[in-house]
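Dear colleague,

My findings follow directly after it.

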Amino acid sequence: MSTELTTTAPAAPHLGVGDRVRLWWDALPRQAQWVVGVVGVLLIALLPVLRPPVLTTVGTDFGGVLAQFGMYALLAIGLNVVVGQAGLLDLGYVGFYAIGAYTVGLLTSPSSPWNATDDWLSRDWAWLAALPLAVAVTAVSGLILGTPTLRLRGDYLAIVTLGFGEIVRLLADNLSTVTGGGRGLNQIAYPVVAQSETRPNGIFSAGNTAVPFNSGTFWFWLSLVLIVVVLVIVGNLERSRVGRAWVAIREDEDAAEIMGVPTFKFKLWAFLIGASIGGLSGALYAGQVQFVVPTTFNVINSMLFLCAVVLGGQGNKLGVILGAFAVVYLPNFFLGRTELFGIPIDGNAIANYRYLFFGVALMVLMVFRPQGLFPARQKLLTYGREVYVMARKAATALAGRGAGTAAATTTDRPGGAR
Amino acid sequence: MTQPGGMAAGSEHGDEHLGDPGRANRQTPEQYLPDGGVEPPAAFDVADVHPELADEAVVAEIVAPDRDIRAEVGEPLLQMQGVTMRFGGLTALDAVTFDIRRGEILGLIGPNGAGKTTCFNAMTGVYRPTEGQVVFDGKPLGKIKRNEITRLGIARTFQNIRLFSDMTALENVVVGTDARHRTSVPGAVFRSKRHRAEERDALDRAMALLEFVGVGKRATQQARNLPYGDQRRLEIARALATEPKLLCLDEPAAGFNPAEKVELMELIRKIRDDGYTVLLIEHDMRLVMGVTDRVVVLEFGRKIADGLPRDVSADPAVIAAYLGVPDDATA
């Protein structure tokens, strides 16, 4: 926002759509924010049930696409903590996704030597038990990777993390006695709940194909719940000493250190939290697909996750969710389509060239909107609300008035707008 | 010895402020506005949000809660003990020894390249001395981490402004207050009682500090959008927020016009009167002579003078260092 003034009238602060939405949101009372939030989430949850004709995918099941979006959204939120908030370029994020998925796979797949489902885990709730374990294992892996590498900066960190992503995939590919190598691990456990005659293996089973309440829909709902939980946690961190430390490190690491920020400690926390969220998403993936192979965790996926974050707007946790939606949904939208608005197209070819299109899209974005589609203006103060509401109201009130009365209005209304 | 005179001068200025509350605060932003007195769109009156901050005495109280720690005034707070800094073949500091005493404003001056900023960096832990040591508050700084040095009580500003430009002015200062906070990830996730108390306290203190340095009205503007002078003041507020015992200012008046320099001098005195010890690196001789209690002069990494501003400015070695030695004097 520019603070430049002309001599005739104060320039109205330029408000984009995002600014207007924020202004409107901040002006809502707390209860109203909750209502709007709950209604919004419910509407999103209804998507796979309503399957709006404009949005619904043709070539593949819409519920499944949304379930995949849910996982990518989690990945984007986790990667956003590392890249967007703390400014640590992590090119091997797919490694954490893989570790989460493989932890669940190794514990619950019959083809794994460490399969515990015959032993102390019941197959019915094995997935649920493996979920926190997967998160814990990825958190530890984040710690192991972060402790030596977070002393590096910028490009060097990016290269080391890139290597990490590849190492995880190559291990999965080559430790064939444990991970099944290229054949992968199959029959991974999933939550067996709400069994019925039409759904003999429960609602989360891949065998549940009864549209609209198929397995994809239920996995999407499960991931939606997890997204909300993760958003609350990440939001609380953002509006605390931790979030401020991350942004300070991103802006100027040396200055942050000299201002008393324990930079290494908070960088490690960012890595650990990002890794855990990636592991959570991986565990969801393993449960939904019930099958993991190393090729799913190619480094190109890391780039796709990063693409979601950059596209959505680094540092904006809601923006990156929309970025994840674009990354997952757009290729699937074209898949199987032979015409769009009456124009004949080869949808499958377009979907296959998605990396090309995302690459071009990123380049265009970097030229015209380098901050991403939904740039961040996160609130870094828990009790900053009153201050910001006040400031924004004063700003809009001033924008609508002439220059002469502008100064008077701010001081004439002490606390009146509250 | 230098202390009583300096303190008296300082309190006179303090009284001036009490007589005319908020004068300095209101004056500053207006200077940057072409048509005088019109606030920029995003500016607002802090008093609307925190009515109690309209009272300067309250501000001063929040800024320096333990302002009567004058007990040990005059005792050495920081000691440079034979500090030598070598970068390869270059000796930037050569066995520099001096003390900074509690409650004084010490000026560190010298021609360009004399080693002033190196000296600063050695004190704040950016560099580790090649030889000698820095003792702060009776504790050798040795291998203490930079963020812990800040927590011990040394805060600094930067010669080239290094604010967190994406954050608002208020958030910048709150980062400074965080140096004293203990909440970590668990406390923040579960919004513990301590976390909430710390956040409240941080916000109040940060607002008060912004008022104190005179950028309160720009609290919610992004640091990058602040006028140059306000950015320099904001850096001081951020450093003060870490509750330092020693505040190191690296050329705070760089790029200021004479009127702004006068205001800055008043601000520095006000800071000292609140119980802080100040180390000032500055090129502007009028500012140094006007505000400091004692001056240390460096040239080519060596200390060449140490004493009252008056005496130092008459010292032939200092004059030679600044103006060069006349040809006939060497003959």
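In this predicted model, helix 9 (residues 193–213) of chain B packs against helix 10 (residues 228–241) of chain B at an angle of about 140 degrees, and their axes are 9 Å apart. Because of that angle, helix 9 of chain B counts as oblique to helix 10 of chain B. The crossing of helix 9 of chain B with helix 10 of chain B is right-handed. On the side of helix 9 of chain B, the contact involves B:R205, B:A206, B:L209, B:L210, B:F212 and B:V213; these meet B:R233, B:I236, B:A237, B:L240 and B:A241 in helix 10 of chain B. Nine residues of this contact are nonpolar, two are charged and none is polar.

Chain B also contains an open sheet of four strands in the order 2-1-4-5, with antiparallel pairing. Its edges are strand 2 (90–101) and strand 5 (139–140) of chain B, each of which pairs on one side only. Within the sheet, five bridges link strand 1 (residues 76–87) of chain B to strand 4 (residues 131–136) of chain B; B:L78, for instance, has B:F136 in strand 4 of chain B as its bridge partner. Helix 5 (residues 116–123) of chain B lies across strand 1, strand 2 and strand 4 of chain B, and runs at about 65 degrees to strand 2 of chain B.

Finally, strand 9 (residues 294–299) of chain B and strand 10 (residues 302–307) of chain B run antiparallel and are joined by five bridges. B:L298 is partnered with B:K303 in strand 10 of chain B. Two residues separate these strands in a hairpin, and B:F300 in the turn has a positive phi of about 50 degrees.

With kind regards

Technical notes. Residues are numbered from 1 along each chain as its sequence is written. Chains are lettered from A and ligands numbered from 1 in the order in which they are written. This is a predicted model: local features need pLDDT of at least 70, side-chain atom pairs count only at pLDDT 80 or more; totals for chains, interfaces and linings use all residues. Axes are lines fitted to C-alpha atoms, for helices over the stretch in contact, and angles run from 0 to 180 degrees between N-to-C directions. Angles under 35 degrees count as roughly parallel, over 145 as roughly antiparallel, 65 to 115 as roughly perpendicular and the rest as oblique. A crossing is left-handed if the near helix is turned anticlockwise from the far one by less than a right angle, and right-handed if clockwise. Two residues are in contact if their C-beta atoms, placed from the backbone, lie within 7 Å. Ala, Val, Leu, Ile, Met, Phe, Trp, Tyr, Cys and Pro count as nonpolar, Asp, Glu, Lys and Arg as charged, and the others, Gly among them, as polar. Two strands pair if DSSP finds at least two bridges between them.
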